Amino acid sequence: MKMSRVIGAAAAAVMGLALLTGCGGDDAAALPDGWDRLDTSSLSVGYPANKGYQEQSAADRAKANAAVALKEESGLRTGMVSVQLDFASGVDDADEAAAAAGAGIGLGATRKETSQVQLAGDDGALGARRIDYEFTSSGTEQTPAQGTRMTGVLVAGMDSKDVPFLVRINAVKGSLSRQDLDAFVESITVK
């Protein structure tokens, strides 16, 4: 009789622990070692602080950006991750958010791939889209010399309040591997 009580108590404790760890926990995407997180009202996204990226202050970033981390080398912006919220009007779903984001990549850009991605966090993030592309630097506003090839990734979708979001990653081509770009995308947590 005593053994069945001990087993029953142990089973109840294990089930209770499983419930505690499975419910209401932090479901934010894990960050690679050496990364920090940009946090906004709609989402968070990681950036590699250990590779020279630094968060830009609200006073220094463009008004359209809710958060930005930059990598600067010799006074030039060679890498960037930025978050824009409510970036397009009349957008009702992830497909429309992706279309609006894609329209903003500019003339002369070359789309490489568009795919659906599953992001951590709110279920609404399931329909987010990733657009990989390349473009040529204009050489203006502290960007690399005109003609420098750049890599870009856009991730667009809707947050839990149906606000469209756009995460933009740009870097000098070859400075980030496919795994690095994937790590940026995998670090996004939608609220």
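**Close-up views of a predicted model**

Of the 191 residues in the protein, 40% are buried (buried means under 20% relative accessible area, exposed over 50%, partly exposed in between, with a 1.4 Å probe and protein chains only). This is a predicted model, in which local features need pLDDT of at least 70 and side-chain atom pairs count only at pLDDT 80 or more, while totals for chains, interfaces and linings use all residues. Residues are numbered from 1 along each chain as its sequence is written, and side-chain values use heavy atoms, with hydrogens and water left out.

**View 1. The chain holds three helices and eleven strands.** Helices (H or I, at least four residues) and strands (E, at least two) are DSSP runs, numbered from the N terminus. Along the sequence the pattern reads α-β-β-β-β-β-α-β-β-β-β-β-α-β. Take the contacts between residues at least 6 apart in sequence: 51% of them join residues at least 24 apart. Contact means heavy atoms within 4.5 Å.

**View 2. Seven strands make an open, antiparallel sheet.** Their order is β3-β4-β5-β10-β9-β8-β6. Two strands pair if DSSP finds at least two bridges between them. β3 (53–55) and β6 (110–117) stand at the edges with a single partner strand each, so one side of each has no neighbour in the sheet. On average, neighbouring strands are turned by 15 degrees against each other, direction ignored. Axes are lines fitted to C-alpha atoms, for helices over the stretch in contact, and angles run from 0 to 180 degrees between N-to-C directions.

**View 3. β8 sits between β6 and β9 in the strand order.** β8 covers residues 128–136 and runs antiparallel to β6, joined by seven bridges. Within that pairing, R111 is bridged to Y133, and T114 to I131. On the β9 side, eight bridges hold the antiparallel pair β8 and β9. There, I131 has L154 as its bridge partner. β8 is mostly covered, with eight of its nine residues buried. In a regular strand the side chains alternate between the two faces of the sheet.

**View 4. The largest pocket holds about 740 Å³ of space.** A pocket is an open set of points on a 1 Å grid over the protein atoms alone, where a 1.4 Å probe fits, with protein on both sides within 12 Å along at least five of seven lines; lining residues have an atom within 4 Å of a point. The volume is the space filled by probe spheres set on the points, which are joined across faces, edges and corners. The lining has 32 residues, and R77, M80, T143, R168 and N170 lie nearest the centre. β4 (67–73), β5, β8 and β10 each give two or more residues to this lining. The largest share, six residues, comes from β5. By class, the lining has twelve nonpolar, 14 polar and six charged residues. Ala, Val, Leu, Ile, Met, Phe, Trp, Tyr, Cys and Pro count as nonpolar, Asp, Glu, Lys and Arg as charged, and the others, Gly among them, as polar.

**View 5. S74 and E141 have positive phi without being glycine.** S74 lies in the loop between β4 and β5. Its phi is about 50 degrees. S74 is exposed, at 80% relative accessible area. E141 is in the loop between β8 and β9, with phi near 50 degrees. E141 is exposed too, at 66% relative accessibility.
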